[in-house]
There are 2 protein chains.
Amino acid sequence: MSGQRNLTPLFQPGSIAVIGASSNPVSISGRPLKYLKQGFDGEIYPVNPRYESVQGLKCYPSIKDVPGEVDTALIGVGIQRLFPILEECADKGVKSCIILSSGFAEADQEGETYQKQLKEFADRTGIAVCGPNCIGVVNLPLKALASFSPVFEHAAYQTGKVALVSQSGALGHGMFTIAQEAGVGFNYIISSGNEVDLTAGDYLDFLVDDPDTDMILGYLEGWRDGKRFFDLAARAKEKKKPLVFLKVGKSQVGQKAALSHTAALTGSNATYGTVFRQMGVVEAGDLDELIDYAVGFLPKKYPKGGNLAIVTASGGAGILTADKAEEYGLNVPELEGETRRKLEEIIPSFGSAMNPVDITGQVLNDPAMFKKAMNTLLEDPDIHMLAVMLATSSGVLAEQLANDIADVATSTAKPVFAIWSSSFKFANPGPQTLQERGVPCYQSHGRACRVMGALYRYSEFLCSETPTGKEIGRAETAAALEILQQSSGNLGEYSAKKVLQHYGISVTREIIATARDEAVMVAEQIGYPVCMKIESPDILHKSEAKAIKLNINNNKEAALAFEEVLANARSYKPEAVINGVLVQEMVSGGQEVILGVNNDPQFGPVILFGLGGIFVEILQDVSRRVLPLSKAEAYRMIREIKAYPLLVGARGKEVLDVDALADALVKVGQLASDLEGEMAELDINPLLVLPDGQGVKVVDALMIRGNNT
Amino acid sequence: MSGQRNLTPLFQPGSIAVIGASSNPVSISGRPLKYLKQGFDGEIYPVNPRYESVQGLKCYPSIKDVPGEVDTALIGVGIQRLFPILEECADKGVKSCIILSSGFAEADQEGETYQKQLKEFADRTGIAVCGPNCIGVVNLPLKALASFSPVFEHAAYQTGKVALVSQSGALGHGMFTIAQEAGVGFNYIISSGNEVDLTAGDYLDFLVDDPDTDMILGYLEGWRDGKRFFDLAARAKEKKKPLVFLKVGKSQVGQKAALSHTAALTGSNATYGTVFRQMGVVEAGDLDELIDYAVGFLPKKYPKGGNLAIVTASGGAGILTADKAEEYGLNVPELEGETRRKLEEIIPSFGSAMNPVDITGQVLNDPAMFKKAMNTLLEDPDIHMLAVMLATSSGVLAEQLANDIADVATSTAKPVFAIWSSSFKFANPGPQTLQERGVPCYQSHGRACRVMGALYRYSEFLCSETPTGKEIGRAETAAALEILQQSSGNLGEYSAKKVLQHYGISVTREIIATARDEAVMVAEQIGYPVCMKIESPDILHKSEAKAIKLNINNNKEAALAFEEVLANARSYKPEAVINGVLVQEMVSGGQEVILGVNNDPQFGPVILFGLGGIFVEILQDVSRRVLPLSKAEAYRMIREIKAYPLLVGARGKEVLDVDALADALVKVGQLASDLEGEMAELDINPLLVLPDGQGVKVVDALMIRGNNT
């Protein structure tokens, strides 16, 4: 990443040099020239020592011979010739370079060397470098088509305020053609290539602040500067600029090996999903989903709630939409009072004024019914969104209905979606009219509902508080840090709990005993029943070592237990450093849960929550969050797991202290943030959530030192 | 349902009368005539007393005046005039009627009366009646367009061997236009309307046996004769004729109220999914999915395994496809040996001979690379399917690539799918060429992979054994039935277990005691520890009544427990009939599971399996099957739940007797089948699965009498 570069010359060039310009308009170095000539208003400078003129334009032997300033140099020459040319660009004062050439890290080891050389060049000269191995950067309104993408062979395209950043050139440009067909107009299309200098983060950074961009689509294979994303996403939220991303590579990212339980579940891939959800990214699962979201988010209308009204002339379409609405988290509320009464006046007796509102095939005789029913529903303050279905209407009727729908849709602040479930070719000019008038129109009920569901969640996200990390007292942080830094290796139960205590998290009463008699005395002091556990930084899995003894009820048992725990630990790992035996109160009741922290290499600390044992390991019923973690978000995190009812009195269980649990999560979040450079993993397993009002208690904990990033 | 009717005259009419024929070609009674005139080769008889001729055809005053035989009468008259006309049809000997008229049960109570009258007419005359409130039945190859659907306004359509049965006229015909655009050719389109006489089951029945039909698509809102579906689906399997269904109404079907735990989880909607999966139905979640499946299943190529090879010129497309393949249950195996070596010869060094196979942008210079790589992969016996990606190719190159791909695809028995991720308008003639040459071509990676996943599972289904209900000895069934029939109400634990024992399912040792001393004696006989439970047909929830006592260790405790259980039961429900106190061995170890049976109103007994308690009630981690249940299927049922690892030694647990569990499931299946008319519900909760080799044991059970259907 190169946050320091000036990207304006790349995004909004006044002049473009095409180095290695070819007179063959189908070649990689010939196409950009051909496309630029279609209408770019700035200066175009072909550079090639072999020609006097190329494709009818004066050609310069070297970039140094170009008369004016050069905002962007587009370079498609062979890798062998690249570096001398780059130096010439630097000499000339070129402001940005787009390198189309391949043969870098994607090819072989030699290419990796070239890649390092290129990085060195960018850092030394400060020139913003896009690529290599990319297909170019395009500013459509300026017709600055600095790309060899074949999609510009046909000059017609629709401009707009949507930008696309793609880590795959072919997929990005292919998607562009599909999106265009769906009526999405673009301003920028960036193919980021190998991201040797400028990264996806740099492009997004620019676009989030760009006043000409309303929405940013991203095709991402991996993030090179994850933590920077938090700030970027926060700015996008502030500007209500949706980020719609497709993240691929989910089947390929390797699993990080880790010492503690939770690590295996907090791999990088899981983190992307967590970050995206938490930061309001609309995550698409596929290219068509990405385009669907773009279409539905374009009108910039955000519903004030999740209540959907459905208007249909076909009962079947209404049922299918109701199914899908529920599937994607929307409500289809029953209609009442005034709204219902008014609808009953509009709709024939054999229709339905319930929701879905079925105006029946009678619409053929009275096409205005759609409009009337829609307006009635939109007047109802409890209706937040509206979907209207069409199927086999075509020709003049289709056009009339489309215009009626568009009239309604464009005069309300509530999102209105059309679902036209027939071939658009058959139904046109219906769907086309809707598209032209800015009404999202889908062929599929499910796809429309998926977008409406996302629109609702995005709208909720926009209204949510933006969490900020609350500072804990400096003294506490310092004390915690000291424990961490004094420890030579990982922190076992006793020390880890001391750190947690400094953050105000309750732990079990416990004392380390180093001799049998001391253990008995301490046990009496704590009060029976107690348990005993080996205290050793070298024995992380005490159960495996049989170095743990529960339910000790009296002095005699205590004495025996001390010897047994010690003996088992020694035979399990003779070389282990043993600090003593931890004598601990037995806490019962409540529900065991796990809190964990892992450092994601891209996004920093990730907090994990779940019930213990099989719930985490076998059912993988966990929730995750990145930092900072607000209390409201901690509550959401708790409610997110499927087993949540067990915490609040399901099956005759006691209602537990969920508030204290949320509190503990927030504190663990603060701790993870404060200690990020020092602590690689934290595993509180279990934390006991006691009955309501009685708080929580850490029963066991483990802290792995180091910074995994 | 009307299994007895002859449907051939309806599906393949030689003559069609249009009753109430209108000279207005846009009216509901005018359109069918217009469409039939476009090319129907049989006789067309307009009937209307008001005209001499209609739309240029001789018109008859009454159906009785029609000179020839009438296979189908299409009737769109008002409901008031309908019945006299129907009687005339019967007199004339008309073989089938399609009733377009509405105003029946969908409208009001009066309409319900008409509906009964229509049913009576069909039953009395034996005439096959389609509708009412439908939009017609269409035989495309015969151009017998007995429908008023506006989609036939444009006469061009593609015929083929796909049939569509739709319970929604508008959605069905809308979908038809989309499918046509995707290159799917149809023979029949049936809009079934209110299904007063002929039901979806009747149409499917005909189509399964129809030699001109290769695939059946269905849009279903509800099934009126579910049990018939089993036979129909078995025949479709035998003929390798895919059934591709979209079932809607999932958010609306009411939940059946029930006495036992499992009932709430075995509602009708869950059953549809169960039946579809078990009977090999390809279930679509939306209209576009339905069409996707039709496109992918058309070539009738079924993979011999789930290994997918991916060939791409864009790295990004390869990654996305690998993600999606995994998501939909396919493998993307690494390539080895000969295949890898050969690919390395074909592909440039900076490409990848791994899987996804990336032939890189070099394909522009050597378009034959696609063909070569594909052929190499298809020669590998470990590769079962192939997906090839294209993105921004267009024009002549696109056509050449499409033809190359089609050459390969049409010369292999393995399924080959193309994914062309750009606007088809942009990429044509590429995608169109593929479509015309019968190669499934999708724009979306995910949608293509979803279909390939379904193709693989369907292929596995075709190879699976078809289970048949094994008969248990008559004597055992008779004995079980006797217990059931002797009981006046529901069967409590003791009697229910007796029934289970007759089916060879082990239960706990137990004896009913009616006096304190007897209880003590019996407890000694069984051996301590024992438990005691009230035995009463009126107290189903023994825990709630506190009429259960565990861990009784000696005579004294036994005497006390007897009194306590009895007293608690009496105070809980003074009017309850009490048969005594059940004294039972305490079994420990193993894992508790639930086996349940519910009668689905449509599909008969449904077997449910899950771990007990929260696994079923909160996590809803259950699997379901309809009958008959083979042992192989019982094993699949057990493996299907998420908590399955707990049965086979996860987290240091013992490996349990899963074989005995599968056995018990099969036996419960037999019992459910034998006792279907007598038993509404069975709830074995818990069944204890003991360590491997030690079998299973029913600890508690409850049987609800009656037939819920």
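Me: Where does B:Thr360 lie?
Reply: B:Thr360 lies in the loop between β16 (357-358) and α12 (368-379) of chain B. This is a predicted model.

Me: Why is B:Thr360 called buried?
Reply: Count the C-beta atoms. B:Thr360 has 21 other C-beta atoms within 10 Å. The cut-off for buried is 20 or more. B:Thr360 reaches that cut-off, so it is buried.

Me: What about B:Lys143: which value does its phi take?
Reply: Phi of B:Lys143 is near 55°. This too is a positive value in a residue other than glycine. B:Lys143 sits in the loop between β8 (136-139) and β9 (144-147) of chain B.

Me: Why is B:Lys143 called partly exposed?
Reply: B:Lys143 has 19 C-beta neighbours inside 10 Å. Buried needs 20 or more, and exposed needs 12 or fewer.

Me: What kind of peptide bond joins B:Asn428 and B:Pro429?
Reply: A cis bond, with omega about 10°. B:Pro429 lies in the loop between α14 and α15 (430-436) of chain B. In chain A, the bond from A:Tyr528 to A:Pro529 is cis, with omega near -5°. A:Pro529 is in the loop between α19 (516-526) and β21 (530-535) of chain A.

Me: What makes β2 and β7 of chain A edge strands?
Reply: Look at the order first. 5 strands form an open sheet, β2-β1-β5-β6-β7, in chain A, with parallel pairing. β2 (43-47) and β7 (128-130) each pair on one side only, which makes them the edge strands. The twist averages 20° from one strand to the next.

Me: How do you know that β5 and β6 of chain A pair?
Reply: Count the bridges. β5 (residues 72-75) and β6 (residues 96-99) share 4 bridges in the parallel sense. Pairing needs at least two, so these strands pair. A:Leu74 stands opposite A:Ile98 in β6(A). Helix α3 (residues 79-92) of chain A packs on this sheet and touches β1 (15-19), β5 and β6. The direction of α3 makes about 170° with that of β5(A).

Me: Why do β21 and β22 of chain B count as a pair?
Reply: β21 (residues 530-535) and β22(B) pair in the antiparallel sense over 3 bridges. The cut-off is at least two, so the pair counts. In β22(B), B:Ile552 is the bridge partner of B:Val530. The sheet has 4 strands in the order β20-β23-β21-β22 of chain B.

Last, the two chains.

Me: How do you know that chain A and chain B are related by a rotation axis, and of what kind?
Reply: Chain B can be laid on chain A by a turn of 180° and a shift of 0.0 Å along the axis. The RMSD is 0.1 Å. The two copies are therefore related as by a two-fold rotation axis. Of the residues of chain B, B:Leu619 comes closest to this axis, at 4.6 Å (C-alpha).

Notes: Residues numbered from 1 in each chain as written. Chains lettered and ligands numbered in written order. Predicted model: local features only at pLDDT ≥ 70, side-chain atom pairs only at ≥ 80, totals over all residues. Axes fitted to C-alpha atoms, helices over the stretch in contact; angles between N-to-C directions. Contact = placed C-beta atoms within 7 Å. Least-squares fit on C-alpha atoms with pLDDT ≥ 70 in both.
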